[in-house]
Amino acid sequence: MISKLLYLPGLLVAMMVAAACSGNGKAAAADSAVADAGAQPPPFSADSAYAYVAAQVAMGPRVPNTPAHARTADWLVERLKASGADVTEQTADLRAFDGTILKARNILARFNPDAERRLLLLAHWDCRPWADEDPDPAKHSLPVDGANDGASGTGVLLEIARQLQIAPPKHGVDILLVDAEDWGSSGSEDSWALGAQHFVSNPPIAGYQPSEAILLDMVGGTGAQFRREYFSEQAAPHLNDALWSTAAALGYSERFPNRHGAPITDDHVMLIEAGIPAVDIIEYYPGPDGPFNPRWHTTADNMEGISAETLGMVGTVVMTYLRDNY
């Protein structure tokens, strides 16, 4: 995206993963009861989404070609399969702008895979290999945790996957966790979103063409606001209308102001260029230092900057739209 090796003990990671799987014991029991009774699906769990974000960060920076990256990919596949999805992995050797070959893994999880009408939800799960925006130049060579830039969108989608197992959609819903988004150069827009570029050029399922797509990127910042991103507005204004109207109906207008934002080169642009109507729900900071969160591409992009409230709002908006339309 343009203007866009720590390892905790296994026991702690296991505890966080267990928390992510259920949110908490009472929530899991309630989910089971709802499913058994055939009642309305439970609300989106902000706490569960937060736990999924924390579990990713605990594994270490998810930089391609590192052990933390491989560990996280394996865990993501495991979580999506545990949610009842039909999971396809797409591996590729992708050449970065600096010549590095990135061992990339895109992960596609499908719910109701035989349905013709399909909604694609996606987020990138890798993180920036260098904290090149850090105010301390001595930290510019350090990798970032990517708690907001990567893990937040992925955490929301993992919770949506858990919800879809409890109450399956009538139509098709796909979750794409795309890799190699953040190994890019500010001097080249084509150097970003390599995993998404590969996905649209080499779809793992022949003829794959979702009806529309929603990208989640940097959706966990404390007090974050979300505006209607420029390329999204050009490609799919009807989808932006629906999402921001949903947010307003839920009482989230302050956090989802019905205003235009900046043009952001992100994974959704690759889908748009492939003919898929796509929008980007991404945090927006107005002013000369915007449009991104001040923690973006710094060593401060850690769990201290993540808000369960923000994750819950974004997840509820997307889940409500999904339930109303799919």
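This is a predicted model: local features need pLDDT of at least 70, side-chain atom pairs count only at pLDDT 80 or more; totals for chains, interfaces and linings use all residues.
The mean pLDDT of the chain is 89. Of its residues, 87% reach 70 or more. The start is another matter. Across residues 1–38, pLDDT stays under 50. The model still has 69 contacts beyond four places in sequence for that stretch.

Six strands form an open sheet, in the order β1-β2-β4-β3-β5-β6. The pairing is mixed. Which strands stand at the edges? They are β1, residues 86–95, and β6. Each has a single partner strand, so one side of each is left without a neighbour in the sheet. From one strand to the next, the twist averages 20°.

Take one pairing from inside that order. Strand β2 covers residues 101–111, and β4 covers residues 172–178. They run antiparallel, joined by five bridges. For Ile-107, the bridge partner in β4 is Leu-177.

Helix α4, residues 67–82, lies across β1, β2 and β4. It runs at about 10° to β2. Helix α5, residues 147–166, lies across β2, β3, β4 and β5. Its angle to β3 is about 145°.

Stay with α4 for a moment. It has 16 residues and reaches 23 Å from its first C-alpha to its last. That is close to the 22 Å expected at 1.5 Å a residue. Its buried residues include His-69, Thr-72, Trp-75, Leu-76, Arg-79 and Leu-80. Here is the helix geometry to keep in mind. An α-helix has 3.6 residues a turn, so residues three or four places apart point the same way. Just after α4, Gly-84 takes a positive phi of about 85°.

Is α3 enclosed or open to the outside? Of its 13 residues, 10 are buried, so α3 is largely enclosed by the rest of the structure. Among the buried ones are Ser-48, Tyr-52, Val-53, Gln-56 and Val-57.

Ala-180 has phi near 55°. It is found in the loop between β4 and α6. At 0% relative accessibility, Ala-180 counts as buried. Met-218 also has a positive phi, about 55°, although it is not a glycine. Its loop runs between β5 and α7. Met-218 counts as buried, because its relative accessibility is 1%.

Last stop, Thr-299. This residue lies in the loop between β6, residues 278–282, and α10, residues 308–325. Is Thr-299 buried or partly exposed? It counts as partly exposed, because its relative accessibility is 24%, and buried would mean under 20%. What does Thr-299 touch beyond four places in sequence? The contacts are Ala-131, Asp-134, Lys-139, Leu-142 and Val-144. With Asp-134 there is a polar contact, side chain to side chain, at 2.7 Å. Val-144 is 155 residues away along the chain, yet the C-alpha atoms of Thr-299 and Val-144 are separated by 5.1 Å.

Definitions and conventions
Residues are numbered from 1 along each chain as its sequence is written. Side-chain values use heavy atoms; hydrogens and water are left out. pLDDT is the predictor's confidence in each residue, from 0 to 100. Contact means heavy atoms within 4.5 Å. Helices (H or I, at least four residues) and strands (E, at least two) are DSSP runs, numbered from the N terminus. Buried means under 20% relative accessible area, exposed over 50%, partly exposed in between (1.4 Å probe, protein chains only). A polar contact is a pair of N or O atoms within 3.5 Å; within protein, one must be able to donate a hydrogen and the other to accept it, and residues adjacent in sequence count only if both atoms are side-chain atoms. Two strands pair if DSSP finds at least two bridges between them. Axes are lines fitted to C-alpha atoms, for helices over the stretch in contact, and angles run from 0 to 180 degrees between N-to-C directions. The expected span of a helix is 1.5 Å times one less than its number of residues.
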